[in-house]
Amino acid sequence: MLLANLGLLAANPVLFLRIMVVTAIALVVAVTVHEASHALVATWQGDNTARSYGRLSLNPLRHLDKYGSLFMVLVGFGWGKPVPINPYWFRNGPKAGGAMVALAGPAANILTAALVAIPVRLGLVTSHSPFSGFRPADPASLLADLLGFLFFYNVILAVFNLIPLAPLDGFRVALGLLPMQQARSFARLEAYGPGLLMTILLLGYLPGVDFGLWDILGPMVRSVSFVLLGRS
């Protein structure tokens, strides 16, 4: 975020501040909703660990990670603090209960995006993609910018986290859905998840490599956007 828009700081400081503010708000909301939903479903499952750590809250300060927040400021993408859980307290058991808790974060982001899309679907606010540039700073345009960024970051956080690689939520969801024998085999891949994920993240920056993270996320992000907004 900061690094990509440094050129604007001298040329158009007002636009630079506008981009920083709406992106920061969107990211903080998306991460807070995501992590708080993990805590909520874990508590509903009978595990009070997240509640005891103060994570059953919509206070962003409870969920923001200092390094993840730094990355949000620098590059426009980051992460929150993992929600502490004890899966052996889950009433549905560690396998199914763990999948439900993992799925709660992405599901909450999709629900947030759906709520943000309502005024757009009703024609109350003009649809505005974060990739289409910024318009004059009148109140209607500012609202459209904010809703556009809120929609985009909630959708992309949900889709990204559903990739079935540890430490993402999709890994726990896959473990919960697979039959026990296949789940045990799949669980052995957990140690390799961070390395594979980092490789995917870096692929798009390598010279001569015409494949990156967006090639994985893009089709699903566009599909979800089409369902919620009626357009990609």
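**Entry 1: asparagine 161.** I began with the neighbours of asparagine 161, and leaving out residues up to four places away in sequence, I found that it touches His34, Pro106, Leu168, Asp169 and Gly170. Contact here means heavy atoms within 4.5 Å. Asparagine 161 lies in helix H6; helices are DSSP runs of H or I with at least four residues, numbered from the N terminus. With a relative accessible area of 10%, asparagine 161 is buried. For the record, buried is under 20% relative accessible area, exposed is over 50% and partly exposed is in between, using a 1.4 Å probe and protein chains only.

A note to myself on the source: this is a predicted model, where local features need pLDDT of at least 70 and side-chain atom pairs count only at pLDDT 80 or more, while totals for chains, interfaces and linings use all residues. Residues are numbered from 1 along each chain as its sequence is written, and side-chain values use heavy atoms, with hydrogens and water left out.

**Entry 2: helix H7.** Is H7 mostly covered or mostly uncovered? I found it mostly covered, with seven of its nine residues buried. They are Asp169, Gly170, Phe171, Val173, Ala174, Leu175 and Gly176. The buried residues of H7 pack against H2, helix H5 (93-121), H6 and H8.

**Entry 3: H7 with H8.** Two packed helices are described by the angle between their axes and the distance between the axes. For H7 (residues 169-177) and H8 (residues 180-187) I noted an angle of about 150 degrees and axes 8 Å apart. The axes are lines fitted to C-alpha atoms over the stretch in contact, and angles run from 0 to 180 degrees between N-to-C directions. On the H7 side the contact is made by Phe171, Ala174 and Leu175, and on the H8 side by Ala183, Phe186 and Ala187. By class I read six nonpolar, no polar and no charged residues. Nonpolar covers Ala, Val, Leu, Ile, Met, Phe, Trp, Tyr, Cys and Pro; charged covers Asp, Glu, Lys and Arg; the others, Gly among them, are polar.

**Entry 4: aromatic rings.** How many aromatic pairs are there in the whole structure? My search gave four. Rings of Phe, Tyr and Trp (its six-membered ring) pair if their centres lie within 6.5 Å; planes under 30 degrees apart are stacked, over 60 edge-to-face and the rest tilted. Phenylalanine 152 and tyrosine 153 are edge-to-face, at 5.2 Å centre to centre with 70 degrees between the planes. Both of these residues are buried. Phenylalanine 152 also pairs with tryptophan 214: the centres are 6.5 Å apart and the planes at 45 degrees, so this pair is tilted. It links distant parts of the chain, 62 residues apart, with phenylalanine 152 in H6 (residues 139-161) and tryptophan 214 in helix H10 (residues 213-229). Phenylalanine 152 has a relative accessible area of 13%, whereas tryptophan 214 is partly exposed at 37%. Ring pairs link Phe149, Phe152, Tyr153 and Trp214 into a cluster.

**Entry 5: alanine 30.** Last, I looked up alanine 30, which sits in helix H2 (residues 13-44). Alanine 30 is buried at 1% relative accessibility. Beyond its neighbours within four places in sequence, alanine 30 contacts Asn109, Tyr153, Asn154 and Leu157.

Note on methods
Helices (H or I, at least four residues) and strands (E, at least two) are DSSP runs, numbered from the N terminus.
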